[in-house]
Amino acid sequence: MKTIDGLMLKEMFLSGAANINANRESVDALNVFPVPDGDTGTNMCQTMNAAVKDLRERTFPSVYEVANCAAKGALRGARGNSGVILSQILRGFAKGLEGAEEMDAYLLVKALRSGAEMAYKAIMKPKEGTILTVARVTADDIAREAQKTGDLVELFGALINYGNAILKKTPDMLPVLKSAGVVDSGGKGLMTIYAGFYAALTGKPMEDAATAGSGAVGAEFVDDHESLEEIHFAYCTEFLVSHPRPDMKESDVVRLRERLERIGDCVVVVSDMSIVKVHVHTNDPGRALQMALELGELDSIKIDNMLEEFRERMAKRESDLKEYGMVSVALGEGFAEIFKDLLVDKLVDGGQTMNPSIEDLFEAIEATHAKNVFVLPNNTNIILAAQQAAELSKKRVAVLPTKSVPMGIAAAIAFNGEKSFEENVEAMTEAAGRVHTASITYAVRDTSFDGMEIHEGDIMGLIDNKVKRLGNDVQEVARQLMGEMVTPESELITIYAGADTPQEDALALEAYAGETFDMCEVMLHNGGQPLYYYLIAVE
C-alpha cells in the first residue's frame, strides 16, 4: 500500500480510539503515583473519544481534513497532562498533512515528526522517558525505515515494533519508573492508539471499531464559529422541497446532497419522500436553490448572512463585558460555596477525581463575560490543559500556578478589582506561593515510590504533592503532616474535611491543631471533596 486516503485514515482514527477504550484500565494500572487522581489511560481515552466524535458523523475525502478534524476535537476534549500532550501530537500530525489529499511514506514521516515537535513545544520542561520520547524516537526510526520502503503497511508495522522497543527502555530513563517496575503509561497509551491504527490498516478489525463509524445521517449542525476567518461559507441556507416530483427517487435526494457538498459545508438533506428538508452553508445560495428546484417546489426559504450575524454578536458581547473574571477548578459542595463567596465567576468540576477537558475550561473562561480572566487550576495535572484553554480564548487570560485548592483559595482572596491585571497576577501568585498543602488519601495500587513500598489501601500523607507519610490511621497521618509542615513562622492552619470524614474526627483534629500549635490561628471548613479525607493548608 503506497498511499492512504481520507476514508482509510478515518477508520484508523476510529480503530485507535476503540483500542485505547478497550485497554484503558491496563494503561491506568501503569501510573506510578498511587493517589486516586484522573489516570493516564482514562484521560487519553476521553481525549481520543473527543477526537473522533465529529469523524463518526462526517466523511472527509482528504487525509488533511480527517487529521485536522481529529486534532480540533482532541484539543477541545483533552483532559490531564497526558491528554493535552496527545492532543498536541495529533495537532502536529495534522499540520504535517496540511493540504494533502492522500498520505504516502514521505508525508507519514513528516506528520509523525511534526506531531512530536508540537508536543515538545507544549511542555515547558520536557522529560525523557515519557510519551514525548516515544513519539520522537518512533518518528525518527520511521524516517530511516522510509528510506528502505514506501509501503505504508510495512512502515506502520515497523512503527509498532520500534515504538514498543523504545517503550521498554523508558524505565532506564526515569528512575521513578524503574523503581516501580513499569513502563511509561503515556507512552503505552500512544502505542495502544498506534496499534489500533495498524489493525485498521491491515484489515484486522478490532472489537468496537467495526461500528465506530456509524452516525446519524442528517444530524443537526451548530454554528459555533469563533472568528470571521472560520466562516468559509457565508450564507446559512435552509428550505423545504414541499411538493416533490411524483417520480422523485431516493437516489435523487442522495445526488442533491452530493452536489450541495461541492458548494458548501454543514450539509443536511433529509427526506421521507413526501418532503425534503435542506440545510447548507454556502457562498452561492441561489445555486443551491436552483439545484433543489429540479426535485420540486421550494418553500420556507431562509437565508442568513452568518458574517453579519457574527459581527453583531461579537459587538454586543464586547459591550457587555466586565473588567475581571475568575475561573476555578474544584470538587465538593464546601469548596463550591467558598469560591462562590470569593466571587469566583465559574467553577469547573474536577480535580483529584476527574481532570476537566480543555473545552470545559475554555467554555468557563468565555462564560465569565469578562475582558480579563484569572484561571485557578488547583491541580498540577490541570495546569497544562488550562494553558491550552487560555490560548484558545481571545480574552486576556492568566493561568495561575495553583497546584491545590487551598492555593487557589489564597489566590482568590488576594484578588483586588481596583488593581491592574499585572498587579493582580503578581499578588495572587505570591499569595498562592505562601501556602503549603497537605493531603490525606489512600493508595489505589501497590507500588514503589521514592524508596517507599506502598500497598493498596495504605493511608497516604502528601505535602505539596510529595508522599511524606504512610500509615493505617487517617487522624495520625494528618497529625504527623501538620507536625512536619508547621514552623515558627506559620500563622494560619486551615483544615478542609472531605466528604467521607466524620464530623467528630474533623473537630478532634481542629482541637489538636489548636492545642499543639497555639501560635497559629486554626480554621475548619467542610470542603466536601471526594476521596481525600483532609486537605490542610499552612500559611
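This is a predicted model: local features need pLDDT of at least 70, side-chain atom pairs count only at pLDDT 80 or more; totals for chains, interfaces and linings use all residues.
User: Why is His-279 called buried?

Analyst: Its relative accessibility is 8%. Residues are numbered from 1 along each chain as its sequence is written, and side-chain values use heavy atoms, with hydrogens and water left out.

User: Where is His-279 found, and what does it touch?

Analyst: His-279 sits in strand β3 (residues 276-282). Strands are DSSP E runs of at least two residues, helices are H or I runs of at least four, and both are numbered from the N terminus. Not counting residues up to four places away in sequence, His-279 touches Cys-236, Thr-237, Glu-238, Cys-266, Val-267 and Val-268. Touching, or contact, means heavy atoms within 4.5 Å.

User: What makes the pair His-279 and His-281 a polar contact?

Analyst: Their side chains are joined at 3.4 Å. A polar contact is a pair of N or O atoms within 3.5 Å; within protein, one must be able to donate a hydrogen and the other to accept it, and sequence-adjacent residues count only through side-chain atoms on both sides. The 3.4 Å pair therefore falls within the limit.

User: Which residues touch the most other members of the largest nonpolar core?

Analyst: Leu-9 and Phe-13 do, in a core of 85 residues. Helix α6 (residues 105-122) gives the most to this core, with nine residues. A second, separate core has 25 residues, including Tyr-324, Phe-374, Val-405 and Phe-421. Each set is called a nonpolar core because it holds buried Ala, Val, Leu, Ile, Met, Phe, Trp, Tyr and Cys residues joined through side-chain atoms within 4.5 Å. In soluble globular proteins, nonpolar side chains tend to be buried together.

User: What is Leu-9 in contact with?

Analyst: Beyond its neighbours within four places in sequence, Leu-9 meets Ile-4, Val-63, Val-66, Ala-67, Leu-97 and Met-103.

User: Which residues form the nonpolar patch on the surface?

Analyst: Tyr-235, Ile-301 and Ile-303 form it, with about 240 Å² of accessible area together. The area comes from the Shrake-Rupley method with a 1.4 Å probe, and for residues only the protein chains shown count as cover. Patch members need over 30% relative accessible area and no salt bridge; nonpolar side chains (Val, Leu, Ile, Met, Phe, Trp, Tyr) are joined within 5 Å, like charges within 9 Å. Ile-303, in strand β4 (residues 296-305), has 38% relative accessibility, so it counts as partly exposed.

User: What makes Asp-360 and Arg-79 a salt bridge?

Analyst: Their closest N and O atoms are 3.5 Å apart. The pair spans 281 residues, from Asp-360 in helix α15 (residues 358-367) to Arg-79 in the loop between α4 (63-77) and α5 (80-96). A salt bridge needs a side-chain nitrogen of Lys or Arg within 4 Å of a carboxyl oxygen of Asp or Glu, so this pair qualifies. Asp-360, at 28%, is partly exposed; Arg-79, at 16%, is buried. The whole structure holds 18 salt bridges.

User: Why do Asp-140 and Arg-113 both count as partly exposed?

Analyst: Asp-140 has 25% relative accessibility, and Arg-113 has 36%. Their side chains meet in a salt bridge at 3.4 Å, N to O. Asp-140 is in helix α7 (residues 131-145) and Arg-113 in helix α6, 27 residues apart.

User: Is Lys-148 buried or exposed?

Analyst: Its relative accessible area is 67%, so Lys-148 is exposed. Its salt-bridge partner is Glu-145, with the closest N and O atoms 3.8 Å apart. Glu-145, at 16%, counts as buried.

Key:
Buried means under 20% relative accessible area, exposed over 50%, partly exposed in between (1.4 Å probe, protein chains only).
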